[in-house]
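Colleague: I am new to this structure. Please take a close look at one part of it, and then show me what lies around that part.

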Amino acid sequence: MRRLNFWLLTLSIACTLMIGACPASAQALNGKEMYRNNCKVCHDKGSAQGQYTPMTLTQDQWRNFFKLKLASAHKSVIHPKGGGKLLEQITPDQMKAIQRFAIDHAADSEQPAICG
Ligand code: HEC
C-alpha cells in the first residue's frame, strides 16, 4: 500500500509538471485546439504563407491583426479541412477563443508558446 501511494504521488507530480509546461485551462485548451485546426494548418513550419505561432507576434501585434488584418488577409482563403471560406467556418465566439489563446501566449506574454 505504501508503495502504491508513492507511485500515485509521483504520478500526480508528473502530471502537474506536464500541465505546467503547456498550461491549459478549459478555455485555453479550446483556443489552442482551434488555433491548431484553423490557423496552424496554413501557418505551420515551412508554410508558404509563413509560420505563425502565438509567440511570433506580441500581444499588441495580435490585437492589431485580429482587429485590422485578419479579415482582409483571409478574405478569400479556403479552409483546407472544411472546404468553405475560412471566415465563414469560424464563429465569432470561436475566433475570440483563438484570439485569446494567441494573446495569452504571445511573445511578450507570461507564457509564450510555440505550441499551436
Ligand atoms: C487556408 C489557409 C489559411 C488559414 C487557415 C489561415 N491563414 Fe493566415 N494567412 C494565409 C495567407 C494566404 C496569408 C497571406 C495573406 C497576404 O499575403 O495578404 C495569411 C496571413 C496571415 C498573417 C499575416 C498577416 C499580415 O498581413 O501581417 C497572420 C498573422 C495570419 N495569417 C494568422 C492566421 C490566424 C491567426 C489564422 C486562424 C484564425 C489563420 N491565419 C488562418 C492563409 C491562411
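Modeller: Start with the words for angles: under 35 degrees counts as roughly parallel, over 145 as roughly antiparallel, 65 to 115 as roughly perpendicular, and the rest as oblique. The model is predicted, so local features need pLDDT of at least 70 and side-chain atom pairs count only at pLDDT 80 or more, while totals for chains, interfaces and linings use all residues. Residue numbers start from 1 along each chain, as its sequence is written.

The part to look at is a helix pair. Helices are DSSP runs of H or I with at least four residues, strands are runs of E with at least two, and both are numbered from the N terminus. Find helix H3 at residues 59-73 and helix H5 at residues 92-104. Their axes come within 8 Å and cross at roughly 160°. Axes here are lines fitted to C-alpha atoms, for helices over the stretch in contact, and angles run from 0 to 180 degrees between N-to-C directions. H3 and H5 are therefore roughly antiparallel to each other. The crossing of H3 past H5 is right-handed.

H3 brings Gln 59, Trp 62, Arg 63 and Phe 66, and H5 brings Gln 99, Ala 102 and Ile 103. By class, this contact has 4 nonpolar, 2 polar and 1 charged residues. Nonpolar covers Ala, Val, Leu, Ile, Met, Phe, Trp, Tyr, Cys and Pro; charged covers Asp, Glu, Lys and Arg; the others, Gly among them, are polar.

Stay on H3 for Phe 65. Is Phe 65 buried, exposed or partly exposed? Phe 65 is partly exposed, because 15 other C-beta atoms lie within 10 Å. The scale is this: buried at 20 or more other C-beta atoms within 10 Å, exposed at 12 or fewer, partly exposed in between, with C-beta atoms placed from the backbone. Beyond four places in sequence, Phe 65 touches Leu 57 and Leu 70. Gln 99 is 34 residues away in sequence, yet the C-alpha atoms of Phe 65 and Gln 99 are 9.5 Å apart.

Next, follow the chain out of H3. His 74 sits in the loop between H3 and helix H4 (86-89). With 17 other C-beta atoms within 10 Å, His 74 is partly exposed. Its contacts, leaving aside neighbours within four places in sequence, are Leu 86 and Leu 87. From His 74 to Leu 86 is 12 residues in sequence and 7.3 Å between C-alpha atoms.

Then look past H5. Ala 113 lies in the segment after H5. Ala 113 has 21 other C-beta atoms within 10 Å, so Ala 113 is buried. Not counting residues up to four places away, Ala 113 touches Thr 53, Pro 54, Met 55 and His 105. Between Ala 113 and Ala 102, 11 residues apart along the chain, the C-alpha distance is 8.6 Å.

H3 also takes part in the shell around the ligand. Of the 17 residues there, Cys 39, Cys 42, Gln 49, Ala 73 and Val 77 come nearest. Helix H2 (26-43) and H3 are the elements that give two or more residues. H2 gives the largest share, 5 residues.

Last, the whole chain. The protein chain has 5 helices and 0 strands. Of its 116 residues, 17% count as buried.

Key:
A crossing is left-handed if the near helix is turned anticlockwise from the far one by less than a right angle, and right-handed if clockwise. Two residues are in contact if their C-beta atoms, placed from the backbone, lie within 7 Å. A residue is near a molecule or strand if its C-beta atom, placed from the backbone, lies within 6 Å of it.
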